[in-house]
Protein chains: 2
Amino acid sequence: MKVALAQLNYIIGDFDGNAAKMIETIERAKTEGADLVVFSELSVTGYYPHDLLEKKEFIRKAEETVKRIAEACCGIAAIVGAPRINENDRGKTLFNSAFFLADGGVRSVHNKTLLPTYDIFDEYRHFEPNRDFNVVEYQNERIAITICEDLWDEQPTANEFGKNKLYQVSPMEELAKLNPDFVVNISASPFSYNQENWRKDVLVNKAKKFSLPIFYVNQTGAQTELIFDGGSVFIDKSGEIVKELNYFEEDYLIVDTANPGARKLQPETNHIEKIHDALVLGIRDYFLKMGFRQATLGLSGGIDSAVTLVLAERALGAENVRVLLLPSKYSSDHSVEDARQLAENLEIRYDVVNIQKAVDAFENELAPQFKGTASGIAEENIQARARGIYLMAISNKFGHILLNTTNKSECAVGYGTLYGDMNGGLAVLGDVYKTDVFAMARFMNKEREIIPENTIVKPPSAELRPDQKDTDSLPEYAVLDEILFSFIEQNLSPAEIVNKGFDPEMVKKVIRMVNTNEYKRFQAAPILRVSSKAFGFGRKMPLVARY
Amino acid sequence: MKVALAQLNYIIGDFDGNAAKMIETIERAKTEGADLVVFSELSVTGYYPHDLLEKKEFIRKAEETVKRIAEACCGIAAIVGAPRINENDRGKTLFNSAFFLADGGVRSVHNKTLLPTYDIFDEYRHFEPNRDFNVVEYQNERIAITICEDLWDEQPTANEFGKNKLYQVSPMEELAKLNPDFVVNISASPFSYNQENWRKDVLVNKAKKFSLPIFYVNQTGAQTELIFDGGSVFIDKSGEIVKELNYFEEDYLIVDTANPGARKLQPETNHIEKIHDALVLGIRDYFLKMGFRQATLGLSGGIDSAVTLVLAERALGAENVRVLLLPSKYSSDHSVEDARQLAENLEIRYDVVNIQKAVDAFENELAPQFKGTASGIAEENIQARARGIYLMAISNKFGHILLNTTNKSECAVGYGTLYGDMNGGLAVLGDVYKTDVFAMARFMNKEREIIPENTIVKPPSAELRPDQKDTDSLPEYAVLDEILFSFIEQNLSPAEIVNKGFDPEMVKKVIRMVNTNEYKRFQAAPILRVSSKAFGFGRKMPLVARY
């Protein structure tokens with residue numbers, strides 16, 4: 001059987017657009033002699049529609065769209081993903097389903113059994129699990145259809161509790177009893193750099209264990225925070241990955257099960273390169289799907305805004321990015337010069353706007369209230385917030401989206417000003433630790449010096465008071481980032497982190513900073529997720545807690 | 001049997017504090033001759049700990065605390081709520097449990113069966129459902145212990161799909177087979193004004209249906225957005241509410257099952273009064289649990305900031321609230337005068353800070369960039385953001401929390417400036433429609449004119465340009481609020497709302513405004529929830545969607 005893997009980028013709720021894309025692919029596959037086209041999980045609605053799934057009209061439109069796509073399936077079959085009403089339960093619950101379409105209609109429906117409800121996944125909120133297992137017979141082949149997590153019953157996790165609870169069954173064990181010829185897995189699996197190899201390992205292990213070929217089709221494209229990386233594969237029954245589709249872009253491939261041909265894998269890349277590609281896609285899709293073209297950001301001469309700008313330029317094009325240089329009296333000359341140089345290297349339009357007059361206006365007006373107090377955080381924040389006003393003014397006036405440049409290390413410890421440098425429609429580096437931001441700058445400069453060397457080598461500073469350095473209030477980033485990774489990604493306790501060899505007082509201080517800054521992150525911009533545990537809706541901590 | 005209902009206010013993760021409070025209550029009850037003290041759901045940890053439940057150390061501390069409380073249970077029994085590791089499942093999953101404590105130890109454990117995972121509830125993320133049912137025998141009484149939603153299998157909901165899925169069982173049907181003498185329900189049920197009577201109805205129906213007395217113990221106190229209203233009850237087997245504890249505060253009562261005595265119910269109040277009491281508690285607890293005492297806010301002379309100020313004064317005391325009057329050239333004289341009058345009526349410290357110089361500094365500096373453009377949203381937002389800077393400066397300098405004054409109608413349609421008037425640590429009125437804000441002002445003025453009459457009767461205006469009125473860009477609030485309620489609380493489709501008799505174009509416009517402003521609400525302050533569907537984590541909509 002000739003199976004087409006259709007790795008596409010969907011827009012949530014855009015039934016017409018998604019259907020048009022899928023029908024076009026079905027027609028192409030038919031012309032090219034394919035027997036079956038496989039799309040990804042919830043391809044009809046885009047993954048993940050969240051509480052749009054609570055709307056009757058949304059579900060009805062999804063049903064209609066499945067039928068419309070089915071009409072294109074004559075002389076070819078397709079597997080598409082969509083929600084479906086469970087008619088056995090008074091029509092009051094939903095399944096997350098795969099529809100097998102053939103002969104112009106829906107031939108059979110297969111529901112997801114293992115519903116992820118952890119980290120960024122929320123499927124028990126909307127779906128109920130499958131309890132029936134069956135295979136599709138088509139052109140003398142028996143096809144076992146699974147949906148994403150259905151194959152994922154061996155996932156490692158830093159969460160001590162709660163993985164794949166409720167399940168008394170392994171979907172593959174059940175399906176294997178029905179003697180399938182091969183397995184299809186339709187998926188919506190977001191990228192995270194520290195789980196990158198694990199996904200392929202699980203699939204390979206499953207193919208080996210059941211001695212069955214697997215067609216794995218993932219979606220690509222970003223949905224606000226989540227970046228789906230594609231990387232769909234065909235694995236033969238010996239567990240060898242025979243075909244691997246592109247990462248971070250749409251792709252399409254027909255595989256003949258009888259004669260899959262030579263191995264074709266994607267080139268190996270390191271984790272910095274992967275994060276880079278993920279973020280470029282994340283920016284591009286956010287703008288595209290929000291209906292915007294242009295970005296603005298504040299260029300400080302520091303490393304975070306420099307790396308953000310390079311990513312934005314690669315995602316949107318230099319002509320669609322406009323930056324402000326916003327020096328104050330504490331900005332060093334070299335900062336302004338470094339920022340200017342970077343903008344010129346990328347041929348990006350920049351304006352220099354001095355914030356000092358606005359800052360002085362605030363401080364003068366507040367002089368009676370502030371009389372007798374020492375200059376401190378309040379004054380530093382006025383500077384950061386004045387910059388925020390300038391950037392939002394440009395954004396509002398010209399219809400740009402402001403990109404936020406905060407990195408994960410700062411975001412973790414609250415080293416940033418709410419309504420100031422925390423402003424933005426999208427936080428590009430909010431899931432990238434500072435040490436990785438440095439590595440990415442080096443990676444960007446590999447062929448030529450785009451980011452001025454001085455931006456990379458100088459000690460990081462917020463430049464909100466004379467001679468300020470980040471290390472005045474934070475540990476060195478190499479140390480800070482290891483403690484943060486242990487606490488956030490690995491979910492280790494303070495005692496376990498100290499056991500890794502860190503100073504107990506420093507560990508305590510860092511964790512306290514993380515915990516007491518939940519209130520700032522609550523109001524942060526959406527963060528492009530590249531790790532296994534990003535700040536945002538995948539990590540919900542109480543704001544008022546004593547722990 | 002003499003049963004003490006212990007309706008307390010807990011702090012999430014404060015094991016020592018919560019345990020001390022519970023042990024003190026156990027000792028008091030013992031002195032007063034009670035046989036059993038009933039605390040609320042997850043009382044040991046506070047409801048709801050969210051992803052703290054993913055930390056092994058957190059669960060271990062909860063276990064230790066349960067044992068510590070058990071040691072106080074000699075000559076008296078207690079029922080407390082805490083998470084518990086499911087040792088049958090490789091210790092990898094958790095139950096949400098009720099512990100029956102007696103004779104200095106844990107006598108039995110009873111797990112929650114119906115785990116809410118909708119709206120603000122997220123229990124499948126952390127827990128697995130109970131599958132075993134048993135009753136406790138104590139002093140010749142057979143007690144059926146249930147946890148919150150276990151009795152809630154008849155809940156009405158505006159969500160078409162997803163309520164109480166997964167369940168093949170009704171916990172009360174199972175427990176009734178074991179011939180209990182009475183039912184205990186330990187609960188953590190947050191207040192919402194449009195579900196207020198339904199909760200009691202469900203309990204009454206259950207008592208009647210099974211002909212069993214019910215002791216229902218709810219927690220009180222606010223946990224950031226969620227306000228738990230208490231209102232614990234004892235219902236006899238005929239379904240009569242015999243005792244009803246206070247609302248919105250801690251309370252405690254011993255009921256003798258053999259002789260419960262005369263009926264004692266709480267006075268009836270209307271929904272505005274209830275929202276008022278909820279918000280006062282919400283503000284008070286947020287400050288208390290965050291470790292802050294003082295609030296600031298911007299007083300515009302309009303109704304939203306006026307009502308917020310009265311609530312803050314009642315929650316924190318006049319001496320702990322400080323306001324800024326922040327007029328610009330577009331502020332009318334009467335607005336400043338109304339604001340001043342209100343502050344004086346409440347004896348609140350106020351300062352007048354003119355924002356015009358700062359606004360001029362921004363506009364002058366941006367003149368080259370803005371040249372040739374018409375004044376519009378960008379300029380209006382500069383004013384709102386300059387006010388935001390002044391308020392945050394006072395907040396940062398003096399350690400106040402800035403209270404946000406946005407109402408639900410504005411929040412819904414995005415009528416507010418991000419990083420401007422959307423600033424704040426807590427959004428007091430973010431779940432109160434404008435029409436209810438007016439009603440609350442009238443309610444506050446019932447005994448004397450606190451809020452100047454002019455603030456109530458003048459047409460609402462943001463005063464960001466000459467002669468601006470809210471109705472320039474929005475329908476009348478009476479109409480707007482009905483459309484919003486239909487769309488948000490009732491989850492109706494556009495066609496269904498039009499069928500209520502609204503203009504189709506207006507419905508379309510309003511819904512479009514709601515949908516396109518998800519990005520603003522994403523960064524909004526936490527909103528005190530008083531309705532069945534508040535903006536925030538109980539209503540998760542995709543930011544990039546075409547629907």
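Visitor: Trp152(A) and Tyr216(A): buried or exposed?
Guide: This is a predicted model: local features need pLDDT of at least 70, side-chain atom pairs count only at pLDDT 80 or more, totals for chains, interfaces and linings use all residues, and side-chain values use heavy atoms, without hydrogens and water. Residues are numbered from 1 along each chain as its sequence is written; chains are lettered from A and ligands numbered from 1 in the order in which they are written. Buried means under 20% relative accessible area, exposed over 50%, partly exposed in between (1.4 Å probe, protein chains only). Both Trp152(A) and Tyr216(A) are buried.

Visitor: How many aromatic pairs are there over all chains?
Guide: Rings of Phe, Tyr and Trp (its six-membered ring) pair if their centres lie within 6.5 Å; planes under 30 degrees apart count as stacked, over 60 as edge-to-face, the rest as tilted. Over all chains, the number of aromatic pairs is 36.

Visitor: How far apart in sequence are the parts tied together by Trp152(A) and Tyr216(A)?
Guide: Their ring centres lie 6.1 Å apart with planes at 25°, so the pair is stacked. Trp152(A) is in the loop between strand 7 and helix 3, and Tyr216(A) in strand 9. Helices (H or I, at least four residues) and strands (E, at least two) are DSSP runs, numbered from the N terminus. The separation of the parts is 64 residues.

Visitor: Over the ring of which residue does the charged end of Arg521(A) sit?
Guide: A charge sits over a ring if NZ of Lys or CZ of Arg is within 6 Å of the ring centre and within 35 degrees of the ring normal. For Arg521(A), the distance to the centre is 4.3 Å. The ring belongs to Phe535(A).
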